[in-house]
Amino acid sequence: MTLIEREKQMLLLDRLAQRAFAGQGQIALVTGPPATGRTALLQAYADTAAAGGALTLVAAGAPFESTVGCGVLGQLVHGTMPEPYSERITVLLQEAWNRGDTETEPGRDPQLLQLFQQICLLLRKLAADRPLLIGVDDIGHADPASLAFLQQLARRLRSARILMILADTESSGSRSPFRAEVERHLHLHHVDLGPLSRQGVRQLLHERVGPERADRLTAEFHEATGGNPLLLSALVDELDDPTGAPRFGRALLDCLHGHGPVMLSIARATAVLGDSSERSALLSLVDAEPNAVEAALSVMTAAGVMHAGTFRHGAARTAVLEQIPAEEGADLHRRAAQLFYDNGAPARTVAQHLLSAGPVLPSWATAVLVEAAEQAIAEGHCDDAAAYLESALRADAEPARTGGIRARLMQIEWEISPSLAARHLPKLLDALRREELDRRDALLLCRQLLWLGHVEEAAEALNLVRDDAYDDPQGRTELRDLDQWLAYAHPPLARHRHTVLTGNEIEGALVTPTVDPWLHATAAITTQLARGRAAEAADRADLTLRDLELGRRTGWSEEATVAALAALAQADLSQQGLRWAGRLRQRGDRKAGQTLAAILSAAQAGFAVGLGDLSGAVEHARAALTELTLKAWGVAVGLPLSYLILAQSRLGHLDEAGARVAQAVPEAMLQTRYGIHYLYARGHYHLAIRHHHAALADFIACGELVRDWGLDALALVQWRAGAAEAWLRLGNEDQSRRLMSDELTGPASSGARSRGLALRILAELGPVNRRPQLLTESLELLESCGDRYEQARTLADLASTYHALGQNRRARVVFRRALHLALVCESDPLYRQLLSIGDELGESKPAPQDNDRLDELTDSERRVASLAAMGYTNREIARKLYITASTVEQHLTRVYRKLKVPHRRELPTDLTWHDGSIARIRPAGAGNQPRKTARGARSVAS
């Protein structure tokens with residue numbers, strides 16, 4: 001057996017053995033902290049002595065055998081004892097066992113002492129023939145009779161060839177009279193052991209894992225074990241153990257269980273207290289005398305188990321916690337909670353102990369748990385907050401307070417998943433009926449019921465809230481905000497959905513500290529949207545999103561996020577919306593849950609559709625449906641589903657889109673604005689698969705709902721354009737023309753996207769010579785909102801128109817640009833349609849263009865180059881940009897030189913002009929799209 005850093009101890013034992021075997025008996029008392037190698041040293045020297053010809057008799061004490069009479073003595077005299085000594089000592093030992101039934105203390109029983117005297121004489125006689133080594137490990141756990149025998153033997157060693165080695169802990173007080181007796185002998189010598197030094201740890205690691213790993217692990221392992229050989233070996237064993245068994249924890253528990261109840265109690269109290277294990281708190285939790293606790297702490301520190309009052313290794317605390325009996329652990333946590341509460345500790349510190357204190361909690365626990373939950377929410381630890389509130393609900397709280405606690409718990413779980421939080425709805429509704437829920441929680445309950453499609457329960461809750469707030473001015477303010485939101489998101493439940501407040505009325509409303517600011521912000525945005533003021537709504541949305549990014553979130557912040565991002569989409573600010581969604585997602589990764597992440601993914605999908613990034617839209621929509629299940633999405637599932645169906649239909653992935661259309665959706669969804677989006681997307685899917693009557697039915701259903709809800713000015717979707725396309729494919733041009741006229745003169749006529757689609761369809765219905773003007777204006781409007789998919793469709797129609805008018809050169813230029821946009825959008829149906837147009841024009845599929853040099857162009861050169869690429873003459877470009885024809889020629893000369901092209905026919909087609917700006921078309925998400933002006937784009941002459 002290889003011992004590390006035990007050479008001095010072995011040399012000392014050698015010297016003692018030489019004296020003893022020369023006839024001067026010696027006693028060696030080997031002491032040291034727990035698990036520092038006393039047993040290993042005793043066994044190693046016993047083997048050495050036996051190899052030198054000595055007779056070795058070795059025994060070990062154990063806590064569970066400390067009451068067995070003559071147990072240690074019996075171990076010594078059996079085994080290697082030669083005849084006839086063995087037979088004679090066995091007889092004497094049997095008599096000693098028989099005396100063990102007496103009530104007399106072994107050290108005061110004359111007959112027992114007489115028997116021990118005879119055994120001592122036999123051992124001395126045996127040692128005269130052959131040197132004798134007697135070793136007893138864990139002497140502190142030896143039985144009283146064996147200790148009485150060893151005391152007698154120790155007094156008779158002076159002239160015997162006997163070396164007695166006794167091993168004990170540094171401060172084993174269980175047999176202190178024996179230690180006091182033995183230590184009075186002049187022939188006793190102390191052999192002290194301690195943990196390994198850092199060099200000793202490195203030596204052990206070098207032997208076990210090799211030099212390279214030893215150099216890397218020495219500092220870490222020495223810090224974790226303090227050099228304790230047992231713990232160190234266990235830690236090394238874990239390195240390459242494929243089973244992943246917690247060897248370190250087992251070794252630590254073995255160490256603690258073998259050294260008395262005080263040390264074990266200290267370990268358990270320390271584990272319960274965790275990082276807060278101050279000495280005063282520890283003394284309060286351990287049921288022992290302070291002196292005994294201090295002594296045991298010193299031993300544990302010397303053994304390398306603890307340092308500065310805490311465990312050196314995190315696995316130690318885990319191992320101790322796992323083995324604490326349930327009742328004892330609950331009691332320790334309850335006492336720790338009371339202790340920290342009395343000392344004014346932070347609420348979260350107290351709450352952590354209350355969580356493990358069992359079902360019976362003190363009267364003050366509820367308030368502390370609620371406070372701790374709010375602290376955890378502020379720090380972004382929603383799981384901890386939910387655990388605190390669950391415990392608060394189990395505490396003996398007043399019914400009026402329980403409703404608020406449950407509402408807060410539901411809000412936290414809602415951020416993880418609404419379907420998880422739904423379990424609280426029945427009890428919260430009961431609390432509302434019993435008037436045990438405040439108005440703020442009641443309003444939020446209405447929103448949660450509606451999200452999950454519980455329309456009847458939501459209607460009941462709304463009536464209860466309205467009745468309660470009838471005579472309360474603040475309540476009427478909150479209800480007004482709620483009704484404004486309902487009129488936008490769930491119109492059938494709005495009390496006055498046809499009477500929408502003006503922006504000034506909303507902005508001038510009094511907001512008190514008890515009113516949820518995000519409910520008010522939601523109402524302000526949705527009011528502007530319902531009135532068709534998309535630009536004003538977008539401005540308010542931008543302010544709201546800034547506040548959301550910086551401020552604290554509440555139960556209505558998600559709805560405010562949905563409304564704000566919808567406002568940006570309605571204002572055709574998709575690129576700006578994408579940026580905001582990305583910024584909020586980055587903040588959400590730190591502090592929010594799955595619900596907000598899913599909402600942002602759905603919004604990103606909608607913006608991607610609006611920009612013609614169809615693959616990006618599919619990716620974001622799938623992410624939204626992964627982050628929340630269909631059940632958790634509730635009626636709002638119409639948003640991600642609609643964007644996914646619409647994008648897949650435009651990509652030509654009709655099987656995937658059909659599978660999504662076939663999915664069951666909540667019936668209540670069709671009575672919300674989310675249902676409008678869903679019907680619109682489903683209508684386009686039906687158009688894609690040539691089910692024109694089904695498509696028409698979906699688009700008309702959108703229109704009927706929008707008109708019935710008084711939201712025609714909102715332009716949630718371009719349902720008239722969809723219906724007009726369906727009528728065209730069914731051969732009814734009159735109906736199509738009527739719808740487009742209504743679109744251009746109706747309450748939603750100011751939207752660039754709506755006007756752009758209407759002009760494209762009207763161009764198809766009008767004479768060929770009028771089409772270029774309408775299509776060019778449509779193109780400018782669609783470019784202003786960055787919709788590359790609809791731009792490509794308009795360009796395709798424009799190319800066909802130029803071809804019909806015999807302007808084939810211009811038709812080819814426009815066709816190439818349309819084909820490029822179709823490739824950027826990855827729309828297979830549109831690409832195939834364009835190829836058929838290209839065949840008519842004699843155009844082959846264009847080779848990919850290297851446009852890296854486009855970044856060298858100035859803004860002015862970009863504007864001129866883009867219009868030239870579209871086929872405009874120098875004079876037309878000059879008139880359009882309000883510059884001279886000479887300036888146009890100079891710009892084009894520089895453009896040709898920078899792009900290394902000989903003439904305008906070679907100019908790249910992936911440039912776009914809108915609103916006085918030129919932007920190179922980039923893949924989805926790259927670059928910025930300029931913001932549309934309030935006036936819209938100017939008409940362009942052909």
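A: We may begin with helix pairs. An axis is a line fitted to the C-alpha atoms of a helix over the stretch in contact, and the angle between two N-to-C directions runs from 0 to 180 degrees. The model discussed here is a predicted one.

Q: At what angle do the axes of helix α40 and helix α41 cross?

A: Helix α40 (residues 752-765) and helix α41 (residues 771-784) have axes that come within 8 Å and cross at roughly 160 degrees. Angles over 145 degrees count as roughly antiparallel, and α40 is therefore roughly antiparallel to α41. The crossing of α40 past α41 is left-handed.

Q: Which residues of α40 and α41 make the contact?

A: On the α40 side, they are Ala752, Arg753, Arg755, Gly756, Leu757, Leu759, Arg760, Leu762, Ala763 and Glu764. On the α41 side, they are Arg771, Leu774, Leu775, Glu777, Ser778, Leu781, Leu782 and Ser784. By class, this contact of α40 with α41 comprises nine nonpolar, three polar and six charged residues.

Q: How is the orientation of α28 and α29 to be read from their packing angle?

A: Helix α28 (residues 534-550) packs on helix α29 (residues 557-570) at about 140 degrees, with the axes 8 Å apart. The two helices, α28 and α29, are therefore oblique to each other, and α28 passes α29 in a left-handed crossing. Among the contact residues are Ala534, Ala541 and Leu548 of α28, together with Ala560, Ala564 and Leu568 of α29. The contact of α28 with α29 divides into eleven nonpolar, four polar and no charged residues.

Q: What is the orientation of α38 and α39?

A: The axes of helix α38 (residues 719-729) and helix α39 (residues 733-745) come within 8 Å and cross at roughly 165 degrees. Accordingly, α38 and α39 are roughly antiparallel to each other, and α38 passes α39 in a left-handed crossing. Residues of α38 including Trp719, Arg720 and Trp727 meet residues of α39 including Glu733, Leu739 and Asp742.

Q: How is the length of a helix such as α2 to be checked?

A: The expected span is 1.5 Å times one less than the number of residues. For the 14 residues of helix α2 (residues 38-51) the span should be 20 Å, and the end C-alpha atoms are 20 Å apart, which agrees. After α2 comes Gly53, with a positive phi near 105 degrees.

Q: Which residues of α2 are buried, and what covers them?

A: Buried means under 20% relative accessible area. In α2 the buried residues are Arg38, Leu41, Leu42, Ala44, Tyr45, Ala46 and Ala49. Their cover includes α1 (7-21) and the strands β1 (26-32), β2 (55-60), β3 (132-137), β4 (162-169) and β5 (188-192).

Q: How many helices and strands does the chain have?

A: The chain has 47 helices and nine strands, and 56% of its 942 residues are buried. Of the contacts between residues at least 6 apart in sequence, 69% join residues at least 24 apart.

Key. Residues are numbered from 1 along each chain as its sequence is written. This is a predicted model: local features need pLDDT of at least 70, side-chain atom pairs count only at pLDDT 80 or more; totals for chains, interfaces and linings use all residues. Side-chain values use heavy atoms; hydrogens and water are left out. Helices (H or I, at least four residues) and strands (E, at least two) are DSSP runs, numbered from the N terminus. Angles under 35 degrees count as roughly parallel, over 145 as roughly antiparallel, 65 to 115 as roughly perpendicular and the rest as oblique. A crossing is left-handed if the near helix is turned anticlockwise from the far one by less than a right angle, and right-handed if clockwise. Contact means heavy atoms within 4.5 Å. Ala, Val, Leu, Ile, Met, Phe, Trp, Tyr, Cys and Pro count as nonpolar, Asp, Glu, Lys and Arg as charged, and the others, Gly among them, as polar. Buried means under 20% relative accessible area, exposed over 50%, partly exposed in between (1.4 Å probe, protein chains only).
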